[in-house]
Amino acid sequence: MTEPRVALTSSPQETEAAGADLGARLVPGDVVLVVGELGAGKTTFVRGACRALGVRDLVTSPTFTLGQRYAGRIPVSHLDLYRLATLEDEDPALLDDYLGPDRVAFVEWPEVAEHALPRVTARVHLEHAGGDRRRIEVRAG
Ligand code: ADP
Ligand code: MG
């Protein structure tokens, strides 16, 4: 994955399919940053990626926790750091349960933690493109 891949989707299902395309290519240890404003489709994209990784649970926004962990063909973490203002006051091990060489991790709102994230494999940018349309760009770490 060297060239950025751009997809224009017109429905949540199509965004899930774009997520599945990426998910199918991931290996344990991969970390994927998922960037875009509220409602851009970050969680929808991650849902599709999780399905391709063999996750059967319902994948929803981690609202009251920093993240969710799912069993799959490869174990998956889904972090949402929206409410995390800074990592400075936090336990340095805060993210450890979600990251590791044996799992794939997706991180929404990663900016606050970027320096603490190992091996970023891919960055996904999602943007509103009018109505239900979304522009999705996937580029290598
Ligand atoms: P985020 O995690 O970026 O805040 P979500 O994935 O939780 O966004 O929500 C996206 C919302 O937009 C959902 O309600 C979804 O049904 C809707 N939606 C409409 N069109 C699309 C599309 N093409 N791709 C993704 N989501 C879409
Ligand atoms: Mg979300």
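**A helix and its surroundings**

Helix H2 is largely enclosed by the rest of the structure, because eight of its 11 residues are buried (under 20% relative accessible area, with a 1.4 Å probe and protein chains only). Those buried residues are Lys-42, Thr-43, Thr-44, Phe-45, Val-46, Gly-48, Ala-49 and Cys-50. Helices here are DSSP runs of H or I with at least four residues, and strands are E runs of at least two, numbered from the N terminus. This is a predicted model, in which local features need pLDDT of at least 70 and side-chain atom pairs count only at pLDDT 80 or more, while totals for chains, interfaces and linings use all residues. Residues are numbered from 1 along each chain as its sequence is written, ligands are numbered from 1 in the order in which they are written, and side-chain values use heavy atoms, without hydrogens and water.

What covers the buried residues of H2? The cover includes H1, E2, E4, E5, E6 and E7, with contact meaning heavy atoms within 4.5 Å.

Take H1 (residues 12–23) next: its axis and that of H2 (residues 42–52) come within 6 Å and cross at roughly 50°.

Now look for the magnesium ion (ligand 2), coordinated by Thr-43 (OG1) and Glu-108 (OE) at 2.2 Å; donors are N, O and S atoms within 2.8 Å of the metal (3.2 Å for Na, K and Ca), and sites may look incomplete because water is not among the atoms. Thr-43 lies in H2 and Glu-108 in strand E5, 65 residues apart. Thr-43 counts as buried at 13% relative accessibility, and Glu-108 counts as buried at 3%.

Terms used
Axes are lines fitted to C-alpha atoms, for helices over the stretch in contact, and angles run from 0 to 180 degrees between N-to-C directions. Buried means under 20% relative accessible area, exposed over 50%, partly exposed in between (1.4 Å probe, protein chains only).
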